Amino acid sequence: MKKLLLGLLPLLYLFTSCSRENAVQYETNPSADAVAASPSVSFTSFAGELPALALPFKATCSFEYTFGARLDTTVAGSYLKPHEIPYRRLPINKEVTALLVLFPSDETVPRIRTYNQEGTQLDEQDLKFNPCGEEPGFKHSEQFTIQKDFTIEHLDSTTRWQFDAAYNEVPNTRKLTVTRKRFKISPQGDITEIK
């Protein structure tokens, strides 16, 4: 046993005596300089790859968005926010184009965003405000319609009722609330709520 320990002692010394040389500089916090890359594809080319949105367009909570060809995500990242998916293009006039984009979350959030021909964002508006669904005492649904005159109508329907300990509806407690909001996309790309 003593011979074994004496044989391992030089190896132990070799592994524990290694250290850095003081003359060598080690990088402890690597860093990289971020440089914003300019988009290699113009906005008009990017938007032109999207199918046009047929008007009037109506979507409810259960609407299934169908996608065309997959766009280059590098190019999309130049004009969209992180995780957004471009869906359809809506030409407003020669100077302004709107995109219907989708943001994935628990429920897909559609939003309309306007741009000038250089790809500068002008305005945006979410088209879904609350989660859809039903649970005891509550049911919620939403619907939006984009008309040919670029008016957007949003309908929000919420039904509430009382229920007993067995989750049975208490008679005569059901109440429906419908909220209607209207927006308009102007020729300059502004999206304003119509009161």
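Reader: In what order do the elements of the protein run from the N terminus on?

Author: They run α-α-β-α-β-β-β-β-β-β-β-β-β. Please keep in mind that this is a predicted model. The protein has three helices and 10 strands, and of its 195 residues, 30% count as buried.

Reader: Happy to start there. What makes Cys-61 and Cys-132 a disulfide?

Author: Their sulfur atoms are 1.7 Å apart, and the cut-off is within 2.5 Å, so the pair qualifies as a disulfide. The structure holds one disulfide. Cys-61 sits in the loop between β1 (57–60) and α3 (73–79), while Cys-132 sits in the loop between β5 (121–126) and β6 (133–135). With 71 residues separating them, the pair links distant parts of the chain.

Reader: Why is the disulfide of Cys-61 and Cys-132 called left-handed?

Author: Because the torsion about the S-S bond is about -50°.

Reader: And is Cys-61 buried or exposed, or something in between?

Author: Cys-61 has a relative accessible area of 30%. Buried would need under 20% and exposed over 50%, so Cys-61 is partly exposed.

Reader: Let's turn to the rings. Why are Phe-63 and Tyr-65 called edge-to-face?

Author: A pair of aromatic rings is described by the distance of the centres and the angle of the planes. For Phe-63 and Tyr-65 the centres are 4.8 Å apart, and pairing asks for centres within 6.5 Å. Their planes stand at 75°, and edge-to-face begins over 60 degrees, so the pair is edge-to-face. A search of the whole structure finds nine aromatic pairs.

Reader: What kind of aromatic pair do Tyr-65 and Tyr-87 form?

Author: This pair is edge-to-face too, with 5.0 Å centre to centre and 85° between the planes. Tyr-65 is in the loop between β1 and α3, and Tyr-87 is in strand β2 (residues 85–91), 22 residues apart. Both Tyr-65 and Tyr-87 are buried. Phe-57, Phe-63, Tyr-65, Tyr-87 and Phe-144 form one aromatic cluster.

Reader: What lies over the face of Tyr-87?

Author: Arg-88 does, at 4.2 Å from the ring centre. The distance cut-off for a charge over a ring is within 6 Å. Elsewhere, the charged end of Arg-174 sits over the ring of Trp-161, 4.2 Å from its centre.

Reader: Which residues have the most contacts inside the largest nonpolar core?

Author: They are Phe-57, Leu-90, Ile-112, Ile-146 and Ile-185, in a core of 20 residues. In soluble globular proteins, nonpolar side chains tend to be buried together. Here β1, β2, β3 (96–103), β7 (138–146) and β9 (175–185) each supply at least two residues of this core, and β3 gives the most, with four residues. A second, separate core of 11 residues includes Val-75, Tyr-79, Leu-99 and Val-101.

Reader: What is Ile-146 in contact with, leaving aside its neighbours within four places in sequence?

Author: Its partners include Leu-53, Leu-55, Pro-56, Phe-57, Leu-90 and Ile-112.

Reader: Why is Thr-97 called buried?

Author: Thr-97, which lies in strand β3, has a relative accessible area of 9%. The limit is under 20%, so Thr-97 is buried.

Reader: What makes the link between the side chains of Thr-97 and Gln-117 a polar contact?

Author: The distance is 3.2 Å, and the cut-off is within 3.5 Å between N or O atoms. Leaving aside neighbours within four places in sequence, Thr-97 is also in contact with residues including Phe-43, Ala-47, Arg-89 and Leu-90.

How values were computed. Residues are numbered from 1 along each chain as its sequence is written. This is a predicted model: local features need pLDDT of at least 70, side-chain atom pairs count only at pLDDT 80 or more; totals for chains, interfaces and linings use all residues. Side-chain values use heavy atoms; hydrogens and water are left out. Buried means under 20% relative accessible area, exposed over 50%, partly exposed in between (1.4 Å probe, protein chains only). Rings of Phe, Tyr and Trp (its six-membered ring) pair if their centres lie within 6.5 Å; planes under 30 degrees apart count as stacked, over 60 as edge-to-face and the rest as tilted. A charge sits over a ring if NZ of Lys or CZ of Arg is within 6 Å of the ring centre and within 35 degrees of the ring normal. A nonpolar core is a set of buried Ala, Val, Leu, Ile, Met, Phe, Trp, Tyr and Cys residues joined through side-chain atoms within 4.5 Å. Contact means heavy atoms within 4.5 Å. A polar contact is a pair of N or O atoms within 3.5 Å; within protein, one must be able to donate a hydrogen and the other to accept it, and residues adjacent in sequence count only if both atoms are side-chain atoms.
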